[in-house]
Amino acid sequence: MSAGLELKVSVVLLTYNWPQALERMLEGLARQSQLPYEVIVADDGSTAETAALVQRLAASFPVPLRHVWQEDHGFRAARARNRGIAASRGDYVILLDGDMLVHPHFIADHLMLAERGFFLQGGRIKATPEESKRLLAGGAPVFAPWSKADFGEFDGTKRLYAFHAPALGRWKSRSRNGGRVMSCNMSFWRDDLLRVNGFDERMEGYGAEDRELAARLENTGLKRRALKWVALAVHLWHNSRSPPEVDDMDLPNNRLFHATRTQGITWCDAGISQHVDLLGDNDRAA
């Protein structure tokens, strides 16, 4: 059964030094058919331009908009997201990246399929470089099979799923445990994230921190549902920071991920609990 529209949803939005894209994303979140309870910009060390943008938009944003910043010591997405989650006060958390543009029913779609015992995995329509320029200039995103996107990319939404069809989305979400794990479009019950202590902050540099978190959640008995035809988002093109071989076991993050999967690990010490300055009183008491 769906959790319903009364659920308080916190959007935790990761960003790093791309205020132009972040502004477009925030414009889309402000126009959602179902507004979230709050939006928290989890900033992995951007310059003052991003802080100024968030402050400016917060003055007229339809829900509380907050900026949670950390120093730039390299790619520390796990820590940035943990700080955003710690600062959140909703019942349910949607993770997004600041280089995405979302469908008008994006929040409503996640709410429609939120259910105890599950977390949700959405995808991303990967816009071409030319389309990304148009979108950054203020163009409206196209959520359709004919949108200008790289549908052949291994980590992008396929053309078949690139339109909004909630009935199909409800059917597909129950068909299998699924979807490629990508923290740019995921949602969770907040207390489930606290139960496993969020992302493992030992995982620095690009890759595997989201798959490792998903594995720990699944080790507790939760199931992952794939979102197709719903919770649509367009990913703006940029140069990839992905290593040539994402599953290379010489990479420290992949070794931690492998240990979680093979040893049934459910808790990480270097997680949300470290950020007591951001956690609420109820979180600390628990």
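Modeller: A salt bridge is counted when a side-chain nitrogen of Lys or Arg lies within 4 Å of a carboxyl oxygen of Asp or Glu. The model is a predicted one, in which local features need pLDDT of at least 70 and side-chain atom pairs count only at pLDDT 80 or more, whereas totals for chains, interfaces and linings use all residues. Residues are numbered from 1 along each chain as its sequence is written, and side-chain values use heavy atoms, with hydrogens and water left out.

Colleague: How many salt bridges does that rule give?

Modeller: The count comes to 17. One of them joins Arg 202 to Asp 200, with the closest N and O atoms 2.7 Å apart.

Colleague: Is Asp 200 buried or exposed?

Modeller: Asp 200 is buried, at a relative accessible area of 1%. Buried stands for under 20%, exposed for over 50%, and partly exposed for the range in between, using a 1.4 Å probe and protein chains only.

Colleague: What links Glu 23 with Arg 56?

Modeller: Glu 23 and Arg 56 form a salt bridge whose closest N and O atoms are 3.2 Å apart. This pair links distant parts of the chain, with Glu 23 in helix α1 (residues 19-30) and Arg 56 in helix α2 (residues 48-58), 33 residues apart. Helices (H or I, at least four residues) and strands (E, at least two) are DSSP runs numbered from the N terminus. Glu 23 is partly exposed at 23% relative accessible area, and Arg 56 is partly exposed at 49%.

Colleague: And which side chain meets Asp 155 in a salt bridge?

Modeller: That is Arg 124, at 2.7 Å from N to O. Asp 155 lies in the loop between α5 and α6, and Arg 124 in the loop between β6 (118-121) and β7 (125-126), so placed that the pair links distant parts of the chain, 31 residues apart. Asp 155 is buried, with a relative accessible area of 9%, and Arg 124 is buried as well, at 10%. Elsewhere, Arg 81, Asp 97 and Glu 209 are linked in a network of salt bridges.

Colleague: Changing topic, how many aromatic pairs does the structure hold?

Modeller: There are six. Rings of Phe, Tyr and Trp (its six-membered ring) pair if their centres lie within 6.5 Å; planes under 30 degrees apart count as stacked, over 60 as edge-to-face, and the rest as tilted. In the pair of Tyr 161 and Trp 229, the centres are 4.9 Å apart and the planes stand at 75°, so the pair is edge-to-face.

Colleague: Where do Tyr 161 and Trp 229 lie?

Modeller: Tyr 161 is in the loop between α5 and α6 and Trp 229 in the loop between β9 and β10 (233-235), so the pair ties together parts that are 68 residues apart in sequence. Both residues are buried. Ring pairs join Tyr 161, Phe 163, Trp 171 and Trp 229 into a cluster.

Colleague: What is the phi of Trp 229 near?

Modeller: It is near 70°, a positive value in a residue other than glycine. Most residues other than glycine have a negative phi. Asn 197 has a positive phi of about 70° too; this residue lies in the loop between α7 (190-196) and α8 and counts as buried at 2% relative accessibility.

Colleague: Which residues form a nonpolar patch on the surface?

Modeller: Phe 163, Leu 168 and Trp 171 do, with about 300 Å² of accessible area together. Patches are made of residues with over 30% relative accessible area and no salt bridge; like charges are joined within 9 Å, and nonpolar side chains (Val, Leu, Ile, Met, Phe, Trp, Tyr) within 5 Å. Accessible areas come from the Shrake-Rupley method with a 1.4 Å probe, and for residues only the protein chains shown count as cover.

Colleague: Which ring does the charged end of Arg 116 sit over?

Modeller: The ring of Trp 189, at 4.0 Å from its centre. The criterion is NZ of Lys or CZ of Arg within 6 Å of the ring centre and within 35 degrees of the ring normal. Arg 225 likewise lies over the face of Phe 118, 3.6 Å from the ring centre.

Colleague: Finally, what is the secondary structure of the protein chain?

Modeller: It comes to ten helices and ten strands. Buried residues make up 57% of the 286 residues.
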